Structures are given as structure tokens and as C-alpha cells.
Amino acid sequence: MIYYPIEWCEKAGISSILVLTLSEHHNAIQSYVRSHRTSKLYIQAESCSSFKDNIGTADVLRVAHQKGWITSDFVVVPCDLVTNLNGTMLAELWMTEQASFDGDLGRRARKRGAGDGRDGRRGGLMVAYNTKGEGEVKGQETDFLVTSSPRDDETGTLLDLYPNEKIKELVEFPISYKMVEKCPDLTIFDTYRDAGIYFLPHWVLKFISRNPRMSSLHKHILPYLARSRWESRKLATKLGLTEILTGADDNLEDDESEENPSEEHDVGSMSTMRKRRTSFVAKDEQVEIPPITTYMPTKAPSMFMRRVDTTQIYLFTSLYLAKSDPKEQSSTIKIDPSATIGEKANVTGIDCLVAEKVTIGAKAIVKKSVIGAGCTIGNGVRLMGCVLMDGAKVGDNAKLEGCVIGREAVVGAKCALKDCEVAEGFDVDADTEARGEKFVPFDAMGGVSDDDDEDDDEEEYSEEEDDDEEDEDDDDEDEDDE
């Protein structure tokens, strides 16, 4: 899956990529990265956690910040994202909406005194896509998004963000009176999903470091940044945003790098177009929190975007990528030359992908399917809308429809499976008939010990949120008394 986000970054003109992975996967990722590194693209793979750590995206970025791996404005792209959205257009949108770069295009490390609240610079940008409509997949996660009324039906300012799974647990609809009072032109979306693409300024890393109990960009960091724009001033102060944006915390952080003689002059500071203030921001002055722009593409009918984190979405996305438009020329090799196809076998090249060293038996029929490397398909087999991962084997005269077969898994002869999942290395007995079932080893069905720890973390953070709400209520009462 890492191929797709790397390809997207390369097309977007990003020349330096940092891959953050688990220690268990570091060697495999490092090997892949080395084979794909070019003179125009620098890829660095680092390990910052393991399976046992159970940490979120904000925790990972916190480690990267402490290690000094990120020293400028940055883009976050999840490794399970598959999209053809124009990344260059997103970068231009961010620069237009947020005035997010100096003359050095964000490449220099930020120095002391460069408070974003004082200079009026750099908010963030996030992307969300509609899960409904053409190509809808059942069981997709969605989010509860509240934005200002989108301009041109695509771009707005994030006001609040909740995962829909959290909304179901709430008794009341999470619309604050303060939000409506300060942003009366808001719009609510409940069929969109956060794509995980974030264009963020460097000061967000300071915000993450200042709030170690926030573990997720999606669940904690972005929602609190958005709420700080319309909530009471006390919330922004408690989260450390005021100090970060005015540069008042620079004496507490070692955020300065050695001067490079070639970067002695800051071209951005000489610009006559740059928004600035002439006076220093006092501690008691209310600092404007930079907004988070939300981009929700709707005008591009050919745009494709999916977070591939379930088997159903994986199947749909694989079949979508396999299908090609007959009216357009494609450079993709649909059937690898090393594949062996038996006599009278029928493989439809327009909607199939067949990898290297695949063997397809005589009189087999393969339609709308993706066949991984080294797979073996027996004689008379019928595959319709299936994905076979590397090394999978299907016995003679088996019929499979809408199935996902794991690596090195074996489906016996004369099996009839529809909408089934077969786990990696699992053997399905011959003559098995099943519909909508999951074939997994017995020892893989045990409980997951990390889930309890994750729930404890969520409950612990919820207590902190309750404290914030109580403090905000007290602040409101003080304002009413005044």
C-alpha cells in the first residue's frame, strides 16, 4: 500500500518524504524505500513505535519532532490512502488560503520570535471526501464535520470534527451555542470522511508537544484547534496556543538551528504583500487562532479517494484500479509477460490485473479480478470480482465471486465461495460451499489485549475534556457577571 502515497507525493512535487513506521516493519519498509529512491526524490524511513506501544498519529509526530526529523512546514499522508486528487492543486490552495509560506517556501526551520499569531500567517488544511454516491461501499467509516458554509461548495473553515462512532454515544447533538453565535453560516456533513491528508505549519508540532495526552490528529489535535477559534479564550490559553502563536514559548524550547550563510536573508520578510503587525502582541491580547481550511472535492467526477482500511474497501479499490477506460491509452501492464495462461482460458484484460509468475489453468475464466504474484489458478476455475494476494492457490473447478484470498492461502478443488474472506495461509477444504464467511485460523480468533489499554486512554482523556468544559463554564459565568 505504501506505493500509492509515495506516488501521490511525487506527483505533488514533494521532494523529501519521511516514512514513519513500526519497528517490526522497519526493515521491509527500508528495503522498499531504497529500491525506489531517485535523484529527484529523497525518502527516509524511521521507526518510532512498535505494536505494543499502541500510540496514535499525534504521538508519532511528537516523536518525530523530538528527534528533529521534521524542521519545517509539513504534509501528513496516511499509508492506506489511494487517490488521484491533484496534490499540487492542494498545495496551491493551502498557500492561497493560508499564506502559508515565506519566500523560502517553508524549507527553513522556524526561529525564535516567528510567532504565527503575531505575523498573521499559516493555518492548516485538511481533506474530506464523500462516502456516498457512485462506488459506495457498505461499512465505511464517516465523520461528523461542521464547517463554515463552503465557498464554491468545496472549501470551508473547520469548526468541529467528531468520528460518527463517537456521535452515536452522545445523548445530545454536539452543536454548541457559542459556535452558532460566532459562526451562524455553518454547514453540517455526516456522510464525509476525513481523508487523512493534512497540510500543517511547523507550530502545530509545538502544540502537539505541549499536549502529550492528545494522541490523535483526527480525534484530538484538529478538533481542538478548530474549537479554539470560537470557544472561550481560556481554552486556547490552557492548551498553550497563545504562547505558541506569539512566540512566547521560544525561551522554553530548543527550536533554533545553526545559521546557514546561504540562508542569511529571509526573502519572505522583505515582501510588501506579507500581512504583518507593527506592534508586539501583549500577553493579555487575544490572539487570533489560524483557521483549518477544509477541502471537500465535489466538482471532479473522475476524482477517486478511499482510505483502504477494511476488506470490503480493499476489494473495491483493487477492482477499481484494475479497470481501465477502453477509450484511453494506458501504460499499465495489465497481464505480466511472465504469466502462464492455459489453453482456452479467458482473462479479460480490460478489468483484470495479473502479476508476475502467475499460472492460470486451462479453460479457466477470470473477470474483474486482481491476481497477485506467484498465484496458481487451477483448470476450469471461475473468478469474478476477486482479489488473490501473492502466492494464493485455487484448486480445479472452484468458483469464487467477490472474495479476498490472503497470501499463501489455499482454496480446495470444487469450492463455491461468494463474498468470503480467506486469511493468510489458511487452507479451505475441497468442496466447501460458503457465502459471506471469514475463514481464519482458530488461534487468530482470540481477544486483543491492546484494546483495553486503548479504551483506558480514551476514558482518561475524556476526563480531561470534562475538566476543560467545566473551566469554560466558569469562564462564561465570570463574563456574565462582568
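Trainee: How do the axes of helix H3 and helix H8 lie relative to each other?

Mentor: The axes of helix H3 (residues 57-67) and helix H8 (residues 203-210) come within 9 Å and cross at roughly 110°. This is a predicted model, in which local features need pLDDT of at least 70, side-chain atom pairs count only at pLDDT 80 or more, and totals for chains, interfaces and linings use all residues. Residues are numbered from 1 along each chain as its sequence is written, and side-chain values use heavy atoms, with hydrogens and water left out.

Trainee: Why are H3 and H8 called roughly perpendicular?

Mentor: Angles of 65 to 115 degrees count as roughly perpendicular, and the axes cross at roughly 110°, so H3 and H8 are roughly perpendicular to each other.

Trainee: Which residues make the contact?

Mentor: With contact meaning heavy atoms within 4.5 Å, H3 contributes Ala 58, Leu 61, Arg 62 and His 65, while H8 contributes Leu 205, Lys 206, Ile 208 and Ser 209.

Trainee: What makes Tyr 224 count as buried?

Mentor: Buried means under 20% relative accessible area, found with a 1.4 Å probe and protein chains only; Tyr 224 has 4% relative accessibility and therefore counts as buried. Tyr 224 is found in helix H9.

Trainee: How many residues of helix H9 are buried?

Mentor: In helix H9 (residues 217-227), 10 of the 11 residues are buried, and the helix is described as mostly covered.

Trainee: Which residue caps the N-terminal end of H9?

Mentor: Ser 216 does, with a side-chain oxygen lying 3.2 Å from the backbone nitrogen of His 218.

Terms used:
Axes fitted to C-alpha atoms, helices over the stretch in contact; angles between N-to-C directions. Helix = DSSP H or I, 4+ residues; strand = E, 2+ residues; numbered from the N terminus. Parallel < 35°, antiparallel > 145°, perpendicular 65-115°, else oblique. Buried < 20%, exposed > 50% of the residue type's maximum accessible area, 1.4 Å probe, protein only. Polar contact = N/O pair within 3.5 Å; in protein donor to acceptor, adjacent residues only side chain to side chain.
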